[in-house]
Each structure stands twice: as structure tokens, then as C-alpha cells.
Amino acid sequence: MSFNNFSGRLPLTLLGLVNLTSFNVSYNNLSGAIPPFAQAFNNSAFLGNPGFCGVSPFPLSSASRANGGA
């Protein structure tokens, strides 16, 4: 689902997908809080969505912080 120009918030119904093993919504126009289930997926699955806000569930390395989180 990456690079599809999706916008808005991720629906809470995604929380019910307990067997989800792959998820990537990178490089869309998503906004709102990063959902709790995101902790199960790699940070790259959410990149390129400048409207996401809140505390990232992914710790940034010192190199990432120096490059603005990229």
C-alpha cells in the first residue's frame, strides 16, 4: 500500500488484524497518531508520511537523529 497517495488516518479496524505479518504504508499522505500496532513493523513501513504525529514507537539511532530521523 506504499506510494498510493492515501490520506487521512489509519483506521482502528487494523488493530483487529492479529495475523498481519507484513504492513507498509510508506510514502502516502497519512496523518494522525502512529497506531500502537506499528511496533510490530519496521520503521520503514511508515516513512514519508509527514502528517503522522506523536511519539514514534521506534527508537532512533544517534545517526538517524543527526540526519533528522531519516
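Leaving aside its neighbours within four places in sequence, which residues is Asn28 in contact with?

## Surroundings of Asn28

Beyond four places in sequence, Asn28 is in contact (heavy atoms within 4.5 Å) with Met1, Ser2, Phe3, Asn4, Asn5, Phe6, Gly48 and Asn49. Asn28 belongs to the loop that runs between strand 1 (7-8) and strand 2 (29-33), where helices (H or I, at least four residues) and strands (E, at least two) are DSSP runs numbered from the N terminus. With a relative accessibility of 3%, Asn28 counts as buried; here buried means under 20% relative accessible area, exposed over 50%, and partly exposed in between, with a 1.4 Å probe and protein chains only. A polar atom of the Asn28 side chain lies 2.9 Å from the backbone nitrogen of Asn5.

## Basis of the model

Residues are numbered from 1 along each chain as its sequence is written, and side-chain values use heavy atoms, with hydrogens and water left out. Because the model is predicted, local features need pLDDT of at least 70 and side-chain atom pairs count only at pLDDT 80 or more, whereas totals for chains, interfaces and linings use all residues.

## Sheet and loop

Three strands, in the order 1-2-3, make up an open sheet with parallel pairing. Strand 1 and strand 3 (51-53) are at the edges and have a single partner strand each, so one side of each is left without a neighbour in the sheet. Two strands are taken to pair if DSSP finds at least two bridges between them; strand 1 and strand 2 pair over 2 bridges, and strand 2 and strand 3 over 3 bridges. Gly8 stands opposite Leu30 in strand 2, while Gly32 has Phe52 in strand 3 as its bridge partner.

Pro11 also lies in the loop between strand 1 and strand 2, and its relative accessibility of 43% makes it partly exposed. Pro11 and Pro35 are 24 residues apart in sequence, and their C-alpha atoms are 9.1 Å apart in space.

## Aromatic pairs

The structure holds 4 aromatic pairs, a pair being two rings of Phe, Tyr or Trp (its six-membered ring) with centres within 6.5 Å, where planes under 30 degrees apart count as stacked, over 60 as edge-to-face and the rest as tilted. The rings of Phe3 and Tyr27 have centres 4.9 Å apart and planes at 15 degrees, so this pair is stacked. Since Phe3 lies in the segment before strand 1 and Tyr27 in the loop between strand 1 and strand 2, the pair ties together parts that are 24 residues apart in sequence. Phe3 is exposed at 62% relative accessibility, whereas Tyr27, at 41%, is partly exposed.

Phe46 and Phe52 form an edge-to-face pair, with 6.1 Å from centre to centre and 65 degrees between the planes. Phe46 is buried at 6% relative accessibility, and Phe52 is buried at 12%.

## Confidence and annotation

The protein chain has a mean pLDDT (the predictor's confidence in each residue, from 0 to 100) of 76, and 76% of its residues reach 70 or more. Among its elements, strand 1 has the highest mean pLDDT (90) and helix 1 (residues 62-66) the lowest (42). Over residues 57-70 the pLDDT is below 50, and this stretch has 14 contacts in the model beyond near neighbours in sequence.

An unreviewed UniProt entry places the feature "signal peptide" at residues 1-26; such annotations may be inferred rather than shown by experiment. In the model, residues 1-26 are 0% helix and 8% strand, and the end C-alpha atoms of this span lie 8 Å apart.

Note on methods:
A polar contact is a pair of N or O atoms within 3.5 Å; within protein, one must be able to donate a hydrogen and the other to accept it, and residues adjacent in sequence count only if both atoms are side-chain atoms.
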